[in-house]
Amino acid sequence: MRPLIAGNWKMNGLGAEGVALARAVREGLGDGNGVDVLLCPPFTLIERVARAVAGSAIAVGGQDCHPKASGAHTGDVSAPMLKDAGASFVILGHSERRADHGETDALVRAKAEAAVAAGLTPIVCVGETLAERDAGRAEAVVEAQLAGSLPEGFARAGGVVAYEPVWAIGTGRTPSEADIAAMHAAIRARLVARFGAAGRGVRILYGGSVKAANAKPILAVPEVGGALVGGASLQAAEFLAIIAAAPVAVA
Ligand code: PEP
């Protein structure tokens, strides 16, 4: 399985700096070396970033989409609109959206269905809070999120899961490699139980304070199929170093 290193720019980037960042990643990446690379800029930059990386090995994704294809939903953006702008992936159910916009598992599932229908690859985020981990409920919480957020056909459509412990996002804290391994094994078991053989092919990314300095051991953990990178994806050199740390083929 090829690893996927995805950059989530969140609500960062105006035109010139976003295009310059995409160009710098493109120039530094070369042929990609067996790693799939994805940039997820804000909606306003998707088309410009897609143009900046056209013809390279870099894919472009959105950070959210509406479950409907069109209609009276002021301020929202649909999956076909993302596709039309040049995206091929979309991040869904990020903990910041679950917290800031009250997104439920059922809504995330509907969005993932819309993404697949539009020909986008959904990256569905799951992860526990610190209170849930401290209460010994981390795996139960993540398993419930998987059950509620992943639609039928998710694995066959090439869907990706990102395990992002909420307490590790943007904090500089990361779980131990043993804890990452245990959670990724639990996620794999749920995927196989639900989707059968297709569940073995789902890439499971780790996300939460990944940077150049810690990427290599994290990306070497069994069942870690790549990384979803926030803050460190805003600096080309840092993001390229994370890409370079990815094993060419992962379990
Ligand atoms: C994220 O927001 O998906 C993320 C992993 O952020 P950071 O790398 O900054 O912790």
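A backbone N or O atom of serine 209 lies 2.8 Å from an oxygen atom of the ligand, and the protein covers 96% of the 290 Å² of accessible area that the ligand has on its own (areas by the Shrake-Rupley method with a 1.4 Å probe; for residues, only the protein chains shown count as cover). Keep in mind that this is a predicted model: local features need pLDDT of at least 70, side-chain atom pairs count only at pLDDT 80 or more, and totals for chains, interfaces and linings use all residues. Residues are numbered from 1 along each chain as its sequence is written, and side-chain values use heavy atoms, with hydrogens and water left out.

**The ligand and its surroundings**

- The shell around the ligand holds 14 residues, and the closest are Lys10, His94, Glu164, Gly170 and Ser209 (a residue is near if one of its heavy atoms lies within 4 Å).
- By type, that shell splits into four nonpolar, eight polar and two charged residues (Ala, Val, Leu, Ile, Met, Phe, Trp, Tyr, Cys and Pro count as nonpolar, Asp, Glu, Lys and Arg as charged, and the others, Gly among them, as polar).
- From the side chain of histidine 94, an N or O atom sits 2.8 Å from a ligand oxygen.
- Glutamate 164 also uses its side chain, with an N or O atom 2.7 Å from an oxygen of the ligand.
- The ligand takes up the space of the second largest pocket (on a 1 Å grid over the protein atoms alone, a pocket is an open set of points with protein on both sides within 12 Å along at least five of seven lines; a molecule sits in it if more than half of its atoms lie within 2 Å of its grid points).

- Serine 209 is found in the loop between β7 (204-207) and α9 (helices, H or I, of at least four residues and strands, E, of at least two are DSSP runs, numbered from the N terminus).
- Its 17% relative accessibility is why serine 209 counts as buried (buried is under 20% relative accessible area, exposed over 50%, partly exposed in between, with a 1.4 Å probe and protein chains only).
- Asparagine 214 sits in helix α9, residues 212-219, and counts as buried because its relative accessibility is 14%.
- The side chain of asparagine 214 reaches back to the backbone oxygen of serine 209 at 2.9 Å (a polar contact is a pair of N or O atoms within 3.5 Å; within protein, one must be able to donate a hydrogen and the other to accept it, and residues adjacent in sequence count only if both atoms are side-chain atoms).

- Most residues other than glycine have a negative phi.
- Serine 209 has a positive phi, near 60°.
- Lysine 10 isn't a glycine either, yet its phi is positive at about 55°.
- You'll find lysine 10 in the loop between β1 (4-8) and α1 (15-29), and it is partly exposed, with a relative accessible area of 21%.

**Strand residues**

- Leucine 228, in strand β8 (residues 226-229), is buried at a relative accessible area of 2%.
- Leucine 228 and serine 209 are 19 residues apart in sequence, with 9.3 Å between their C-alpha atoms.
- Leucine 38, in strand β2 (residues 36-40), is buried at 0% relative accessibility.
- From leucine 38 to isoleucine 58 it's 20 residues in sequence and 5.6 Å in space, C-alpha to C-alpha.
- Phenylalanine 89 belongs to strand β4 (residues 89-92) and is buried, with a relative accessible area of 11%.
- Between phenylalanine 89 and leucine 150, 61 residues apart along the chain, the C-alpha separation is 15 Å.

Definitions and conventions: On a 1 Å grid over the protein atoms alone, a cavity is a set of points where a 1.4 Å probe fits but cannot get out, and a pocket is an open set with protein on both sides within 12 Å along at least five of seven lines; lining residues have an atom within 4 Å of a point.
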